[in-house]
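Work through the exercises below with the sequence and the coordinates open. Each task is followed by its solution in steps.

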Amino acid sequence: RLLGLSEAELTNAQGLALSTSGGTREFVDAMAWTKRMHPGWGGVGGTTAALLAKGGFRGPALPYEGRFGLYAQYVRDGAETVDLALATEALGTRWHLDNVSFKPLPACYFNIAPVDAAAALAQRHDLAPDDIAGVTVLLPEAAINTICEPAAVKRHPDDGYAGEFSVYYTVAAALARRGFSLADHGDDALGDPVVQALAQKVDYAVDPHSTFPKYYSAAVIVTTVDGRVLEHREDVHRGAPERPLGEDAVTAKFTDNATRAVDAKRASEIRDTVMELEALDDARVFRELLRPAQEG
C-alpha cells in the first residue's frame, strides 16, 4: 500500500511472498516465474544469515531439532521416531554433490525422457511431421499435473517458460526438430505452425512400467500415417547418476548458455577457470573474470 502498488502488483507481491517464506510449487498452475527464483533465494537467505551471525545477531540454538524447529514443523508427529543422526552421517566425508543429476535439456525434468525418446524416434526412423498421425506419451502419474494438465493451457504455451512445462509442445518440438534447446524458447519457435499442429496430435497415458521416482522415465509411441507403431522407452533419464552426462556434454551445455551473454573467448576462460578452481590461490581471480565488461 505504501508503494502505491496496483491490484495486479499487490497480487504478484503476495505470490512472491509465498515463495520467499519457504518455496512452493504453486507456480505450476499460473506458470509464474518463482521456480527460477527459489534456488537463488535460498542463497540470499544463507548469505544473509551468515552476515547477521557475524555481526552478532542471535539466532535459535536448535533450529533443526528444537520443539518448534525444522523437523517438528515438517515431519510433525513422526519427528520423535525419525533417526535424525542420518542427517549428519558421514558428514564431511561423503558428498551428495557427487550424486547430483545434471539436467541435459532446458525443460521440466518430467519432459527430459519424453523429449529424448521423441528425438530418438525421429532420428532412427527419419520421421517428418507429416508422417505422424498420432503420439502417445507414457508418463509417471506424478508428472500429469505438472506437464499435461490443464491440457487446454498446456497445448498452447504463451512463452518459453510455459513451454518447458508442456509435454505437448516439447515432444512436438523434439519430433519436428530432433531435439530441444534454448532456441525452442523463442517466440518464433513457439509460434511455428508445424510444431503447433503436431502438438495437437500428442496425448498422454499413465505408464504402467514407470521407474519413477528413482528415475524420471517415459516412453513415446508414434503412430505413422502409413500404419506403423513406433516406440522408444527411456527407463533411466539422461543425466541421472547411473547415466551421467560426460564432461564434454556438460561443458557444451555451459558454452551454449554462456555465449548468449559473453563472447566465446570469455566463455572459454570462465569454463577453464571453473574446471581448475582447486588450483586458484585467490577467489578474487574468479570474481574478476565474472565481472561485467566496463562500458566505454
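**Exercise 1.** Is Asp 184 buried or exposed?

Before starting, note that the model is predicted: local features need pLDDT of at least 70, side-chain atom pairs count only at pLDDT 80 or more, and totals for chains, interfaces and linings use all residues. Residues are numbered from 1 along each chain as its sequence is written, and side-chain values use heavy atoms, with hydrogens and water left out.

Step 1. Take the cut-offs: buried means under 20% relative accessible area, exposed over 50%, and partly exposed in between (1.4 Å probe, protein chains only).
Step 2. Asp 184 has a relative accessible area of 5%, so it is buried.
Step 3. Its side chain meets that of Arg 177 in a salt bridge, at 2.4 Å from N to O. A salt bridge here is a side-chain nitrogen of Lys or Arg within 4 Å of a carboxyl oxygen of Asp or Glu.
Step 4. Arg 177, at 30%, is partly exposed.

**Exercise 2.** Check the length of helix H13 and describe its faces.

Step 1. The expected span is 1.5 Å times one less than the number of residues. For the 12 residues of H13 (residues 264-275) this gives 16 Å, and the end C-alpha atoms are 16 Å apart, so the two agree.
Step 2. The buried residues of H13 are Arg 266, Ala 267, Ile 270 and Thr 273. Viewed down the helix axis, they fall within an arc of 130°, so they line one face of H13; the arc is taken over the directions from the axis to the C-beta atoms.
Step 3. An α-helix has 3.6 residues a turn, so residues three or four places apart point the same way.
Step 4. The buried residues pack against helix H12 (247-258) and helix H14 (284-290), while Ala 264 and Lys 265, on the other side of H13, are exposed.

Terms used:
Helix = DSSP H or I, 4+ residues; strand = E, 2+ residues; numbered from the N terminus. Contact = heavy atoms within 4.5 Å.
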